[in-house]
Amino acid sequence: MTATDQDDDLLAAEYVLGTLPLEDRALAERRLREPGFAARVAEWERRLSGLNPEFAEAPAPDLMPAIEARLFPQAPAPSRWQGLRLWGASALSALAVVAYLALTPVQPDFTAVILAETGGLEYDAQLSGRQMVVSLKSGSLPGPDQAHELWLIVGDAAPVSLGLLGAETRIAFAAPPEGAILAVSLEPAGGSPTGQPTGPVLALGALKRS
Amino acid sequence: MPEDALTPLLLSVAAQDRAAFRALYSAAAPKLMGVLIRMLGTRSEAEDALQEVFTRVWLRAHRFDAAKGAAMGWLVALARNHAIDRIRARHDTVSDDLAMEALPDLAPRAETRLQAQGEARRIGECFDTLEADRAAAIRGAYLDGLSYQDLATRHDVPLNTMRTWLRRGLLRLKECMER
C-alpha cells in the first residue's frame, strides 16, 4: 500500500467514524463519487458494523404517515390558471377570452409543487426552457441565521444544490429527467457547509412534465 | 424479524414498493431510533432525524447492494451518517458539552459481547489487541459521534495526539480484522 493509498484509506475510515471536522468531511463526501474511494468507505462501514449490536433498540413512534405525506404528496388542487381557463372557455364574451389569453403566462415545460408534510411551507417551481422560477406560496422564509436551500435529486446521484431560496428565485437550469425530485432543506445562513443537505428536509416535490 | 429478512424488503423498497417501505419501517425503526437517540442525545431530535433518515431510505434504496453487506448495516450507516452531519453542523458548543456529560459508560456490557456474532465478534477480538484508551476513543466516535476535539478533551490529550492515536488504532484494527 503506497502512502497515498494509506492516506485515502485513513480518510475513508475517519469519514465513516465521523471524526472529521466539517470542512474535511465535505471534502471526503465529494470524493464518494470516485469508485475507489467509495469502495474504501463501504469497506470501513462493513468493518466497523461489528459495533452495531451495541446500539440498543428504542421504541419508535409511527412516523410513516408524515414520511409518506412528504414523499408522496396528493395531486395538487387545480391551479388558479386552470380555473380561469375553464371559465374562459365557457364564457361567451370574446373580449373576456382575449383578455384571459393575454394574461396567461407561457406554459411551463415542467412544474413541481414542493410541499411540507404538515401544511406550513409550500414552494412552486416552474421550468420553462432553461429557466426555473421557484416561488414561495405559503409559509415564510427562515430568520437571518438560516436559509432554505433547494436540491435536485435525480436517481441515485447525490443531491445537487440549486442554490438558496428567496420569495421568488430564478435559477438557470437544463431540463431534468422526469421524476426528478426537488427538496428544500433548512441550512445555516449562506447554505450547507458540506455541499450536501445538513439540516432537515422541510419540503419535497417531484418535477412533472406539464 | 430476523435481520436477513430486511434484505428482500429493502430491495422491494428500491423497486418503489410502498407496502415494503411500511414493513421496513416497522422492522428497522426501533434499531435506527436507538442509534439516533444514542448519538443525538434527545428523543425529539432523534424523532426528527428518523423521519429524515427514512425519507432518504426511500430515495436511496436503489443504491443498496446486497452483495456488499447486510441491509441493517446499510441502514445503520445511513442513520449514523445523518446523525454525524447534524452533530457537526451544531455550532452550539454548550449543547456539545451537555452531551458529553450525559454520555453513558463506554465499557461494553458483558452480555452484548456474548451476543456478538460474525463481524461483531471479530471486531471485539481485535479491539482487545488495542490499548484500552485507543479502543475507547474509536468506540466513542462510532457509537456516540464524538469529534476529535471531544475525544481529546475526554482523554485529556492534545488534539493531534488524539488524531494520531485514532489513525494508528484504525490501521491496527484493519490489519487484525484482515488476518
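1. Helices (H or I, at least four residues) and strands (E, at least two) are DSSP runs, numbered from the N terminus. By this rule, B:Gln16 lies in the loop between α1 (6–14) and α2 of chain B. The phi of B:Gln16 is positive, about 70°, although the residue is not a glycine. Most residues other than glycine have a negative phi.

2. This is a predicted model, in which local features need pLDDT of at least 70 and side-chain atom pairs count only at pLDDT 80 or more, while totals for chains, interfaces and linings use all residues. Residues are numbered from 1 along each chain as its sequence is written, chains are lettered from A and ligands numbered from 1 in the order in which they are written, and side-chain values use heavy atoms, with hydrogens and water left out.

3. On confidence, the model scores ipTM 0.83 and pTM 0.62. The pLDDT is the predictor's confidence in each residue, from 0 to 100. Chain B averages a pLDDT of 84, and 82% of the residues score at least 70. Within chain B, confidence is highest in α2(B), at 95, and lowest in helix α6 (residues 110–115), at a mean of 39. Over residues 92–116 of chain B the pLDDT is below 50. Beyond near neighbours in sequence, this stretch has 24 contacts in the model, a contact being heavy atoms within 4.5 Å. Where pLDDT is low, the predicted coordinates should not be read in detail.

4. The secondary structure of chain A comes to six helices and nine strands, whereas that of chain B comes to ten helices and zero strands. Buried means under 20% relative accessible area, exposed over 50%, and partly exposed in between (1.4 Å probe, protein chains only). Of the 210 residues of chain A, 42% count as buried; of the 179 residues of chain B, 50% do. Among contacts in chain A between residues at least 6 apart in sequence, 56% join residues at least 24 apart. In chain B, residues 24 or more positions apart account for 63% of the contacts with a separation of 6 or more.

5. In chain A, strand β3 (residues 131–138) pairs with β6(A) in the antiparallel sense over five bridges; two strands pair if DSSP finds at least two bridges between them. A:Val133 stands opposite A:Arg170 in β6(A).

6. A nonpolar core is a set of buried Ala, Val, Leu, Ile, Met, Phe, Trp, Tyr and Cys residues joined through side-chain atoms within 4.5 Å. The largest has 83 residues, and those with the most contacts inside it are B:Phe21, B:Leu36, B:Leu50, B:Phe54, B:Val57 and B:Met162. Helix α2 (residues 18–40) of chain B gives the most to this core, with twelve residues. Apart from this core lies another, of 20 residues, among them A:Ile114, A:Ala116, A:Ile171 and A:Ala203. Leaving aside its neighbours within four places in sequence, B:Val57 is in contact with residues including B:Leu10, B:Phe21 and B:Leu75.

7. Helix α3 (residues 43–60) of chain B is mostly covered, as 13 of its 18 residues are buried. Its end C-alpha atoms are 25 Å apart, which agrees with the 26 Å that 18 residues should span at 1.5 Å a residue. The expected span is 1.5 Å times one less than the number of residues.

8. Helix α10 (residues 159–178) of chain B has 20 residues and reaches 29 Å from its first C-alpha to its last, close to the 28 Å expected. Its buried residues include B:Met162, B:Trp165, B:Leu166 and B:Leu173. Seen down the helix axis, the buried residues fall within an arc of 165°, so they line one face of α10(B); the arc is that of the directions from the axis to the C-beta atoms. The face turned away from the buried side carries the exposed residues B:Asn160, B:Arg168 and B:Glu178.

9. B:Leu170 is found in α10(B) and counts as buried because its relative accessibility is 0%. Leaving aside neighbours within four places in sequence, B:Leu170 is in contact with A:Leu10, A:Ala13, A:Leu17, A:Trp44 and B:Ile138. The C-alpha atoms of B:Leu170 and B:Leu130, 40 residues apart along the chain, are separated by 9.5 Å.

10. B:Asp156 is in the loop between α9 (148–155) and α10 of chain B. Its phi is near 55°, a positive value in a residue other than glycine. B:Asp156 counts as exposed, at 70% relative accessibility.
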